[in-house]
Amino acid sequence: MGKPTGFLEYTRQDCREIPPEDRIRNFKEFKKPLNVEEQREQAARCMDCGVPFCQSGMMFGNAVSGCPLNNLIPEWNDYLYQGNWQQAYLRLRKTNNFPEFTGRVCPSPCEKACVCNLNGDPVTSHNNELSIIEHAFENGYVQPLIPKVRTGKKVAIVGSGPSGLACADQLNHRGHDVTVFERFDRIGGLLMYGIPNMKLDKKIIRRRLDLMEEEGVKFVTNADVGNGYDAGQLVKDFDAVVLCCGASNPRDLNCPGRDADGIYFAVDFLRANTKSLLDSNLKDGNYISAEGKNVIIVGGGDTGNDCVGTCIRHGCESVIQFEMMDEPPKERTESNPWPQWPNVLKVDYGQEEAIYLQGQDPRIYDTTIKEFLKDENGKLRGVTALNLSWEGGKMKEHDTYEVDCDMVLIAAGFLGCQNYVSDAFGVELTPRTVVDTNDFATSVPGVFAAGDMRRGQSLVVWGISEGRGCAKAVDRYLMGYTNLP
């Protein structure tokens, strides 16, 4: 521990943010890092606890507490405090392939499990992680790690989200020849087209992909395996195939009037916006615009919040979110003790921006849509909203009322993988419509699965963890043993 009294001497200081009134003018990242000395002070608050729950990744109750990657958080916090940035980077790299991604988009389960959280504010491990990796890129610590020996084994990875990229990175460093196939025109999957640019600038993804290509990973875009791209040929041409296609089957709202013009899935809305932004800075018009519209977003999670922020940047007239569940408490309840994940109210960047523009939180709890209302031309003109209540875990319906709107975005989660991929490879699914596996191996010899396609919709940090775990299973299958971490 660099400074045993650091947590007593220094108060928590988060990274700075551009105010909502300025950041809503563009799709640029709006979080600004602390300077070097300020970040070192924040690292000094880490106590190097006897039991570092921050890195535990253990089940407490019905949720994992701490980092799923088991990042060596006290170690790199100590190196950061000492000013030894290179060693901090080397310790961070041991467990996390892409700290520049998690340092931007992870909800930091490490901080929720921090011991400082018991009687004060947790250590800023999330921001410390991002500072370490960005400092490493800026100062040349991040160099291509090209394998000196190749095994001669070929691995195909279908899907280039966080799990696919992490699996590719691990297997390539092991010496296997890895090719990643992506159905869209850019590599990155969820990272590229599922997360808006203001949360994760796409130049950051491109920087990592350039490094992976230099290290030997091959990328193939516009390859929709199972839909025009032969899955059987992949099985023949490669020694192993890994399916990392995500849980991209969106949950729908099967209400009367669902065919109205103006209803979209959030994933399609966000993908089209980012593609148009990258292709032409939105000048080509090839996106679903919320400009001047009254928007209702169904779903109060991270995807719904991203839709709020995107609609505001389009210049929507108004935006609200319907959330089926009760409003969470502002503080932990007795039934939700530390170090469990805190089920408390969170105001994210999109809600902050809506509050600035509209004067109130856009979320309306205990509410869903009962019917979509159309005009005589079949265009959406409003919805019939339904008030709900919850008793003993059971939902009760109450009164209804009408809300005018021009657009509805459905951000109600995902049901599992898309069937055409699993059908093409003949792999079995679970009742949750995710791929059934045993140590990442599917029912088809030589075919593996990882990420959301295997575990269901989850976090980027879980995707990386899944990819690393799957890489070990594939390596063991190919070589009879594995020395991957």
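Let me begin with a term we will need throughout: a residue is called buried when its relative accessible area is under 20%, exposed when that area is over 50%, and partly exposed in between, computed with a 1.4 Å probe on protein chains only. Glu37, for instance, counts as partly exposed, because its relative accessibility is 48%.

Before going on, please keep in mind that this is a predicted model, in which local features need a pLDDT of at least 70 and side-chain atom pairs count only at pLDDT 80 or more, whereas totals for chains, interfaces and linings use all residues. Residues are numbered from 1 along each chain as its sequence is written, and side-chain values use heavy atoms, with hydrogens and water left out.

I turn to the sheet. Helices (H or I, at least four residues) and strands (E, at least two) are DSSP runs numbered from the N terminus, and two strands are said to pair if DSSP finds at least two bridges between them. With those terms in hand, we find an open sheet of 5 strands, in the order E7-E6-E5-E8-E17, with parallel pairing. Its edge strands, each pairing on one side only, are E7, residues 218–220, and E17, residues 447–449. Looking inside the sheet, strand E5 (residues 154–158) pairs with strand E8 (residues 240–243) in the parallel sense over 4 bridges, and Val158 stands opposite Leu243 in E8.

After H4 comes Gly83, whose phi is positive, near 85 degrees.

What about disulfides? A disulfide is a covalent bond between the sulfur atoms of two cysteines, and the rule used here asks for a pair of cysteine sulfur atoms within 2.5 Å. By this rule the count comes to 0 disulfides.

Finally, let us consider charged pairs. Side chains of opposite charge can pair when their charged atoms come close, and a salt bridge is counted here when a side-chain nitrogen of Lys or Arg is within 4 Å of a carboxyl oxygen of Asp or Glu. The structure holds 34 salt bridges, and I will show you some of them.

Glu37, with which we began, meets Arg40 in a salt bridge of 3.3 Å, N to O; both lie in helix H3, 3 residues apart, about one turn of the helix, and Arg40 is partly exposed at 23%. In helix H11 (residues 202–215), Asp210 and Arg206 are 4 residues apart, also about one turn, and their closest N and O atoms are 3.0 Å apart. The spacing makes sense, because an α-helix has 3.6 residues a turn, so residues three or four places apart point the same way.

Lastly, Glu17, Arg23, Arg313, Glu352 and Glu353 are linked in a network of salt bridges.
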